[in-house]
Amino acid sequence: GFVGIFAAALIAISVGWAAIEGRRKKKVVGMIETVAGRTATVETTVLKDAQGLYQDFLSRLVSNLNIATKAQNHIHQAGLDWTVGKLLVMTLVAAAVGAVLGLRFKVLMVPWLSSLGLGLLVGCLPYMYVLRKRSSRMGKFEEQFPEALDFLARAMRAGHAFAVSLEMLADESPEPLSREFRQVYNEQNLGAPVEGALQNLAKRMPLLDVNFFVSAVLLQKETG
């Protein structure tokens, strides 16, 4: 049993190493999509570089269930500099550790049941950490957002353009507000439409106030 768990951990680590190399490419592709206003066609090797039937099956399963996209969104909303591959490796390694502890301490009396139970419980810890960080960060963003709107309004009343006001807001605000509005500014500064950059903000931070703000700005832009 221990050998099987150790082998699963090694497979998970190989998948993670393959994901690390594809990380920069994914960021660049995302920026290209925003600037071009369409989906960029780039062949990715994040999971395909890992050899073996197990990795291919895992890649297809994650893709079909759309787990990777949801997990990556949660990671970004949590403000963590992780990839889905890294989260997967941490989950499998934690599950392996929990399974070994279950065999050792037999908390559920039956060894295999203890191993399974602790493996599932400990394996959930990395994702639970992501969800906790996400909740905390989005709550902090929601608290800071009214001040951001007031800052934008004052900057534009002072005669600054909207793009310049976004840059000033990103420079003057604390995290997580500064990071999100810095990304909005960078996207439109690279040539993306302001509408697209703001809509991306609403996707990254699915809060009611943010949706109202984006809708109001887009409506004002259309009506002049």
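Select Gln-144. This residue is in helix 6. Helices here are DSSP runs of H or I with at least four residues, strands are runs of E with at least two, and both are numbered from the N terminus. You are looking at a predicted model, where local features need pLDDT of at least 70, side-chain atom pairs count only at pLDDT 80 or more, and totals for chains, interfaces and linings use all residues. Residues are numbered from 1 along each chain as its sequence is written, and side-chain values use heavy atoms, with hydrogens and water left out.

**Stop 1**

Is Gln-144 buried or exposed? Its relative accessible area is 13%, so Gln-144 is buried. Buried means under 20% relative accessible area, exposed means over 50%, and partly exposed lies in between, using a 1.4 Å probe and protein chains only.

Now show what Gln-144 touches. Leaving aside residues up to four places away in sequence, Gln-144 touches Pro-174, Glu-175, Pro-176 and Leu-177. A contact means heavy atoms within 4.5 Å.

Stay with two of those neighbours. Glu-175 and Pro-176 are joined by a cis peptide bond, with omega at about 5°. Pro-176 sits in the loop between helix 7 and helix 8.

**Stop 2: along helix 6**

Go back to Gln-144 and view the helix from the side. Helix 6 has a kink of about 35° at Gln-144, shortly before the proline Pro-146. The bend at a residue is the angle between axes fitted to the seven residues ending there and the seven starting there.

Next, select residues 125-157. This is helix 6, with 33 residues, and at 1.5 Å a residue it should span 48 Å. The expected span is 1.5 Å times one less than the number of residues. The end C-alpha atoms of helix 6 are 48 Å apart, which agrees.

Colour the buried residues of helix 6. Among them are Pro-126, Val-130, Arg-137, Met-138, Phe-141, Phe-145, Ala-148 and Phe-151. An α-helix has 3.6 residues a turn, so residues three or four places apart point the same way.

Which helices do the buried residues of helix 6 pack against? They pack against helix 3 (67-77), helix 4 (84-105), helix 5 (111-123), helix 7 (162-172), helix 8 (177-189) and helix 10 (208-223). Show each in turn.

Then step just past the end of helix 6. Gly-159 takes a positive phi of about 105° there.

**Stop 3: the ring cluster**

How many aromatic pairs does the structure hold? It holds five. Rings of Phe, Tyr and Trp (its six-membered ring) pair if their centres lie within 6.5 Å; planes under 30 degrees apart count as stacked, over 60 as edge-to-face and the rest as tilted.

Select Phe-145 and Phe-181. Their ring centres are 6.4 Å apart and their planes are at 20°, so the pair is stacked. Phe-145 belongs to helix 6 and Phe-181 to helix 8, so this pair links distant parts of the chain, 36 residues apart. Phe-145 counts as buried at 2% relative accessibility. Phe-181 counts as buried at 0%.

Phe-213 counts as buried at 10% relative accessibility.

Ring pairs link Phe-141, Phe-145, Phe-181 and Phe-213 into a cluster.

**Stop 4: helix 4**

Select Arg-104 and Phe-105. The charged end of Arg-104 sits over the ring of Phe-105, 5.4 Å from its centre. A charge sits over a ring if NZ of Lys or CZ of Arg is within 6 Å of the ring centre and within 35 degrees of the ring normal.

Move to Ala-99, in helix 4. Ala-99 counts as buried at 8% relative accessibility. Its C-alpha atom is 5.7 Å from that of Leu-118, 19 residues apart along the chain.

**Stop 5: helix 9**

Select Val-194, in helix 9 (residues 194-204). Val-194 is partly exposed, with a relative accessible area of 22%. Not counting residues up to four places away in sequence, Val-194 touches Phe-162 and Gln-188.

**Last stop: the whole chain**

Zoom out. The chain has ten helices and zero strands. Buried residues make up 36% of its 224 residues.
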